[in-house]
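Trainee: Please take one part of this model and go through it closely. I want to follow it on the screen.

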Amino acid sequence: MKIVVIGGTGLIGSKLVAKLTEHGHEAVPASPNSGVNTLTGEGVAEVLAGADVVVDVSNSPSFEEKAVLDFFTTSTMNLVAAARAAGVKHYVALSVVGTDRLSESAYFRAKIAQEKLITESGLPYSIVHATQFFEFVKSIADAATVDGVVHLSHALIQPIAGEDVAAEVGRVAVGEPVEGIHEVAGPEVFGLDDLIRTGLALRGDTREVVADPDARYFGALLGERTLLPGDDAARSEQKYADWFPLNTPPV
């Protein structure tokens with residue numbers, strides 16, 4: 001199959017392109033660097049010509065409220081129109097477990113808007129909801145640091161390696177459209193503060209991590225199970241402590 005990967009040079013996209021190519025598919029990475037800009041529409045129709053599947057794993061470069069909403073709505077409208085014109089048989093998008101429970105956050109309101117455009121597009125579709133990636137543990141800590149102390153909710157989270165997300169998105173992309181949401185998560189449940197505390201300790205980072213029930217996650221307050229998937233979610237096998245030494249450069 002010809003599968004166009006929007007955001008195909010990013011963290012998930014590059015891994016997805018490699019996995020699809022290994023399995024004999026024509027995986028085409030599409031990004032502004034390759035002349036495909038979903039925000040302006042430049043190159044979108046051309047890259048989708050003859051495509052069987054389009055997979056959108058792109059992300060907004062800004063999380064500011066207006067910018068992130070504009071990115072996800074404009075990009076998705078451009079992609080949907082081009083996919084419909086090209087006769088694409090399967091539209092796949094990567095989103096986040098708990099999105100529908102995080103509408104207090106401007107970022108997640110934008111993701112909700114993106115998903116609504118896809119579900120109402122009339123195209124055969126699958127939306128993959130993944131939990132937080134192992135790769136973002138440090139950036140979460142950095143964003144939550146105030147005066148050298150990391151403030152995070154103790155809400156439960158079931159993180160996953162980016163490589164495993166890419167593998168699951170690939171499986172969904174080459175299968176029949178789900179016409180709904182497919183969840184994927186890692187094998188272990190942590191408190192969010194415990195996950196970040198573990199990640200910083202493995203790095204030799206001595207910042208204190210405190211459980212703060214008022215701490216926000218991308219602007220939203222969290223309930224205990226807000227970030228957890230349902231019981232029927234696909235689950236990867238790679239644990240954080242096993243992944244870390246193979247994927248994190250020395251400090």
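**A close look at one strand**

Mentor: β3, helix α3 (residues 65-86) and β4 make up a β-α-β unit, and this unit is right-handed. Right-handed means that, with the strands pointing away from the viewer, the path from the first strand over the helix to the second runs clockwise. Helices (H or I, at least four residues) and strands (E, at least two) are DSSP runs, numbered from the N terminus.

This is a predicted model: local features need pLDDT of at least 70, side-chain atom pairs count only at pLDDT 80 or more, and totals for chains, interfaces and linings use all residues. Residues are numbered from 1 along each chain as its sequence is written, and side-chain values use heavy atoms, leaving out hydrogens and water.

Now stay on β3, which covers residues 53-56. Look at its side chains. V53 and V55 point one way. V54 and D56 point the other way. In a regular strand the side chains alternate between the two faces of the sheet. All four residues of β3 are buried, meaning under 20% relative accessible area with a 1.4 Å probe, protein chains only.

Next, the partners. Strands of a sheet pair through backbone hydrogen bonds, either parallel or antiparallel. Two strands count as paired if DSSP finds at least two bridges between them. β3 pairs with β1 (residues 2-6) over four bridges, in the parallel sense. There, V54 is the bridge partner of V4. β3 also runs parallel to β4 (residues 90-96), again joined by four bridges. On that side, D56 stands opposite A93.

Terms used
Buried means under 20% relative accessible area, exposed over 50%, partly exposed in between (1.4 Å probe, protein chains only).
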